[in-house]
Amino acid sequence: MPVNRVVITGRGAVSPFGLGVASLSEAVWNNSSGVKIIEEWRSVQGLHSFLAAPVPPFNAKERLPRTIRRTMGPMSIYATLAAQEAVADAEMSGDFLQSGAVGVVVGSTTGSPQTYEEFYRGFLPENNIEEVKSGVFFKIMGHSCSANICHALGINGEQWAPASACTSSSQALGLGYLLVRSGRQDALLCGGADEVHYTVSMVFDVVKAASRSNEMPESTPRPFDEKRDGVVCGGGSGVLVLERLDSARARGAKIYAEVIGFGNVNDSKHIANPHKQSMSRAIQNALNEAGLKAQDIDYVNAHATGTMLGDTAESLAIESVLGRGIPVSSLKGHFGHTLGAAGALETIVVLEMLDRQNLVPTLNLDKPDPKCADLHYVQAVSKHPLRTVIKNNFALGGVNTALVLRRWTDDI
Amino acid sequence: MTYEETIRQKVIEVLVDEFELDQELLQPEATLYDDLGLDSLDAVDMVVALEKAFGMKMNDEEKIRAVKTVDDLIRLIVSIGEQHAN
């Protein structure tokens with residue numbers, strides 16, 4: 001089986017800062033926060049966190065025809081718009097896109113929670129399905145995002161939908177990397193999506209891991225900060241085009257970075273608690289696959305969501321593999337934890353960092369927690385030589401992933 | 001406005017709203033599948049929307065399957081309405 005080099009040739013984003021990669025980058029470089037208080041959540045009995053980073057409202061009718069949109073919940077709409085942007089960014093022709101050589105790997109935590117709620121609110125009072133519309137199943141099925149992207153864009157290659165909560169899109173990038181590397185596909189649209197809903201934030205609230213800084217939405221979450229108090233969930237979608245280097249070169253495509261390693265392990269110890277050694281193993285496996293040593297890594301974009309246990313464990317894992325003093329930051333302070341979209345949206349910002357040779361800080365990190373490892377916690381946008389970086393993402397369920405990305409220069 | 005005209009107007013409102021159609025397309029002889037671009041999933045949603053709008057059940061699947069045009073649909077609704085009235 002051939003082993004192909006895998007490069008990133010397209011990017012698409014729908015984020016708490018709106019539609020498009022440009023609005024995401026601009027907001028991050030301006031140190032903006034997408035976190036808001038959601039007043040209607042105050043009526044949910046037992047919920048303590050009323051914070052989220054939702055995608056700002058937009059009119060989907062103006063962007064997708066009804067025949068495409070009717071089977072989409074919000075997350076599938078986000079994913080499809082992100083996919084469209086990624087395809088346009090990669091300047092893929094319609095013929096290539098629909099040749100069978102291009103596929104889709106886009107995951108999410110679940111199908112649309114908003115649609116689940118609407119269905120059960122209609123069904124349960126009278127145990128009655130008579131008013132159920134035909135599109136409901138297609139909005140809540142686990143592969144709603146990837147199937148709808150294929151349908152909307154006419155993509156008829158391989159279709160996958162990793163569902164692993166907060167690592168759905170990092171696993172999608174990893175799987176896409178493996179599929180292109182092995183030669184099964186010339187290119188894959190890889191990423192993930194999720195939507196803001198109180199039943200999602202509730203997951204973290206129940207286990208006392210959701211931020212309760214309700215009166216100061218723009219000051220939370222606070223990854224690595226000693227006063228951090230938990231996660232704020234966000235919505236959106238990130239999609240990246242992963243492509244065989246030869247294919248990208250033959251098309252004359254702009255190359256953003258090369259994917260050179262992927263670690264993906266389960267800790268097998270605890271379904272919810274972070275596990276430092278397992279996080280280390282994911283990072284080490286990615287490093288080994290890339291054939292690199294610790295000193296080759298210039299920066300780590302952390303998963304760090306702002307929980308007491310998770311951030312500490314991750315910092316110690318990074319230190320154990322990469323040593324003290326390595327530059328580290330998390331993007332959760334800017335746009336919350338976008339769950340299934342997190343790995344891809346954050347990777348898009350990392351690509352921009354590679355291009356600008358800039359480190360982006362962890363927003364809301366005022367004083368690093370002394371319980372966290374002795375790393376270089378980036379606290380301001382700053383110039384820094386960046387060639388090879390690691391992108392971490394971890395998930396409830398014990399999943400730990402790490403992706404190694406190398407800046408593209410034509411002499412590589 | 002006659003009873004049938006009232007029904008016609010309401011059916012057209014439902015179709016325009018449910019399927020985001022241009023009202024000018026909804027001519028009596030327009031076929032639901034070819035001219036309006038509806039499909040089997042839309043047919044399910046059309047019945048749900050019409051049942052809700054008119055507060056009645058459309059249980060005769062054979063008669064529903066026989067509907068080809070906008071006019072066929074309006075005649076079916078009128079006949080169901082008359083059965084209810086009787």
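Helix H11 of chain A (residues 276-290) has 15 residues, which at 1.5 Å a residue should span 21 Å, and its end C-alpha atoms are 21 Å apart, in agreement with that expectation. The expected span is 1.5 Å times one less than the number of residues in the helix. The model is a predicted one, in which local features need pLDDT of at least 70 and side-chain atom pairs count only at pLDDT 80 or more, while totals for chains, interfaces and linings use all residues. Residues are numbered from 1 along each chain as its sequence is written, and chains are lettered from A and ligands numbered from 1 in the order in which they are written. Helices (H or I, at least four residues) and strands (E, at least two) are DSSP runs, numbered from the N terminus.

**Helix H11 of chain A**

- Eleven of the 15 residues of H11(A) are buried, so the helix is largely enclosed by the rest of the structure.
- A residue is buried if 20 or more other C-beta atoms lie within 10 Å of its own, exposed if 12 or fewer, and partly exposed in between, with C-beta atoms placed from the backbone.
- Among the buried residues of H11(A) are A:Met279, A:Arg281, A:Ile283, A:Asn285 and A:Leu287.
- The buried residues of this helix pack against strand S10 (257-266), helix H12 (308-322), strand S16 (388-395) and strand S17 (399-407) of chain A.
- After H11(A) comes A:Gly291, with a positive phi near 70 degrees.

**Domains of chain A**

- Chain A is assigned domain 1 (6-251) and domain 2 (261-407); such bounds come from an automatic or database domain assignment.
- The centres of the two domains of chain A, taken over C-alpha atoms, are separated by 21 Å.
- Contact between the domains involves 60 residues of domain 1 and 53 residues of domain 2 of chain A, where two residues are in contact if their C-beta atoms, placed from the backbone, lie within 7 Å.
- On the side of domain 1 that touches domain 2 of chain A, H8(A) provides the largest share, seven residues.
- That side of domain 1 of chain A comprises 27 nonpolar, 27 polar and six charged residues.
- In this classification Ala, Val, Leu, Ile, Met, Phe, Trp, Tyr, Cys and Pro count as nonpolar, Asp, Glu, Lys and Arg as charged, and the others, Gly among them, as polar.

**Nonpolar cores**

- A nonpolar core is a set of buried Ala, Val, Leu, Ile, Met, Phe, Trp, Tyr and Cys residues joined through C-beta atoms within 7 Å.
- The largest core has 123 residues, and A:Val106, A:Ile149 and A:Leu242 have the most contacts inside it.
- Each of domain 1 (6-251) and domain 2 (261-407) of chain A contributes at least three residues to this core.
- A second, separate core has 14 residues, including B:Ile7, B:Leu50, B:Val67 and B:Ile80.
- Neighbours within four places in sequence aside, the contacts of A:Ile149 include A:Ala79, A:Val104, A:Val106 and A:Leu189.

**Loops and backbone features of chain A**

- A:Arg212 lies in the loop between helix H9 (198-206) and S8 of chain A, and its 14 C-beta neighbours inside 10 Å make it partly exposed.
- Residues up to four places away in sequence not counted, A:Arg212 touches A:His48, A:Ser49, A:Asp229 and A:Gly230.
- A:Phe224 is buried, with 30 other C-beta atoms within 10 Å.
- A:Ala165, in the loop between strand S6 (159-160) and H8 of chain A, has a positive phi near 50 degrees and counts as buried with 21 C-beta neighbours inside 10 Å.
- Most residues other than glycine have a negative phi, and most peptide bonds are trans.

- Chain B has four helices and zero strands.
- For 86 residues a compact globule would have a radius of gyration near 12 Å, and the 12 Å of chain B agrees.
- The radius of gyration is taken over C-alpha atoms, and the globule rule is 2.2 Å times the number of residues to the power 0.38.
- The C-alpha trace of chain B spans about 35 × 30 × 20 Å along its principal axes.
- Of the 86 residues in chain B, 20% are buried.
- The contact between the chains takes five residues from chain A and seven residues from chain B.
- On the chain A side of this contact there are no nonpolar, two polar and three charged residues.
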